[in-house]
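User: I'm new to this one and would like to learn how to read it feature by feature. Could you walk me through it?

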Amino acid sequence: MTPMIDVVFQLIIFFIVTITMTENRNEDIRLERSIHGLEIKSDENSSPLTLVIEVDRKGRVSIRNVAMSHAQLAGIIDHRHRKYNVFPIMIRADYRTKHVHVKNVMDICTGLGIGRVSFVAVKDPRTPESKARWSN
Amino acid sequence: MARKKKDRNKGDEVKLEMTPMIDVVFQLLIFFIVTLKQEDILSQLEVLRPAPDTNTTPETQIEPITILVGRTGFVYRGRPVTESELNSSIARVAKYNTNAMVMVKCTLDSDHRWLVKALDICSRNNMTKLSVFSM
């Protein structure tokens, strides 16, 4: 019985760990490549206040993979702006999305007094999917 | 009496059960193999964004460089240019002045990738004062 109990415990641990590790970003977004952009360091070095706004191919806006309207986004940014004054905003937009969708997000930011935003891109492709995209 | 007890203990051999340990090790191995996921290294391109109602050119002592980003690519100084041509043009400017303001003007129907490419070219040439306009 002992090995079976071991296996069961391992499986339980596995599920507990993977539940907390679920992706909290929109995985459908494909980024453009930017070799010369400033590298985004690991979480320990980046500001915990950083707000990553996702814009998918069809222009849908989300934060941590939670879709929201422009009004909701404005509310979140406004709340943060009042609380922290200055905080970094990163726009993680799909390379196929039209500029108008990115513009809408930037307009919300600037409308609330935040005139500095960053765009997220791929500096060094590591996933098989990204490697395949830029292999040619 | 004491001698008897000692003899009994001597007869008990401690046997280390290896099977559960091997099971655990295999499970851990499988866990790490399955969860091992390479992540792309990301970069950021910082830009200034003028307020929505601002259509005026920012006041600088140096004439800003304007890159138009359209649906199919870039337009620089009134003519469509390729990525490498744009890079050469920006490199020529950057040779003398990397503090010049670069205005990237995007049409609403242009793909986001062209904007990122334009900003990447600017970063490549150490142009740091970048602003994005929409038209």
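User: Among contacts in chain A between residues at least 6 apart in sequence, what share joins residues at least 24 apart?

Analyst: Contact here means heavy atoms within 4.5 Å. Among the chain A contacts between residues at least 6 apart in sequence, 76% link residues at least 24 apart. Before we go on, some ground rules: this is a predicted model, where local features need pLDDT of at least 70 and side-chain atom pairs count only at pLDDT 80 or more, while totals for chains, interfaces and linings use all residues. Residues are numbered from 1 along each chain as its sequence is written, chains are lettered from A and ligands numbered from 1 in the order in which they are written, and side-chain values use heavy atoms, with hydrogens and water left out.

User: How many helices and strands does chain A have?

Analyst: Helices (H or I, at least four residues) and strands (E, at least two) are DSSP runs, numbered from the N terminus. Chain A has four helices and six strands, and along the sequence they come in the order α-β-β-β-β-α-β-α-β-α.

User: And how much of chain A is buried?

Analyst: A residue is buried under 20% relative accessible area, exposed over 50% and partly exposed in between (1.4 Å probe, protein chains only). Of the 136 residues in chain A, 38% count as buried. Take β5(A): five of its five residues are buried.

User: Which way do the residues of β5(A) point?

Analyst: The general idea first: in a regular strand, side chains alternate between the two faces of the sheet. In β5(A), I89(A), I91(A) and A93(A) point one way, M90(A) and R92(A) the other, and all are buried.

User: Which strands pair with β5(A)?

Analyst: Strands pair if DSSP finds at least two bridges between them. Strand β2 (residues 51-55) of chain A pairs with β5(A) in the parallel sense over five bridges; there, V52(A) has M90(A) as its bridge partner. β5(A) also runs parallel to β6(A), with two bridges, and I91(A) is partnered with F119(A).

User: Which strand of chain B does β6(A) join?

Analyst: β6 (residues 116-124) of chain A is joined to β1(B) by eight bridges, and the two run antiparallel. Along this pairing, V117(A) stands opposite V47(B) and A121(A) stands opposite S43(B). Strand β1 (residues 38-39) of chain A also joins β1(B), antiparallel, through two bridges, with E39(A) opposite S43(B).

User: How many residues are in contact between the two chains?

Analyst: 42 residues of chain B are in contact with 49 residues of chain A. Another way to look at an interface is buried area, the accessible area (1.4 Å probe) that two parts lose on being put together, summed over both. Here that is about 4200 Å², with carbon and sulfur atoms giving 58%.

User: How many salt bridges are there between chain B and chain A?

Analyst: A salt bridge is a side-chain nitrogen of Lys or Arg within 4 Å of a carboxyl oxygen of Asp or Glu. The count between chain B and chain A is five. One of them pairs R116(A) with E46(B), whose closest N and O atoms are 2.8 Å apart.

User: Which elements of chain B supply residues to the side that touches chain A?

Analyst: α2 (19-35), β1 (41-48), α4 (112-124) and β6 (130-134) of chain B each give at least two residues to that side. The largest share, nine residues, comes from α4(B).

User: Where does L112(A) lie, and what does it touch?

Analyst: L112(A) is in the loop between α3 (99-111) and β6 of chain A. Leaving out residues up to four places away in sequence, L112(A) touches A74(A), I77(A), D78(A) and H81(A). L112(A) is partly exposed, at 23% relative accessible area.
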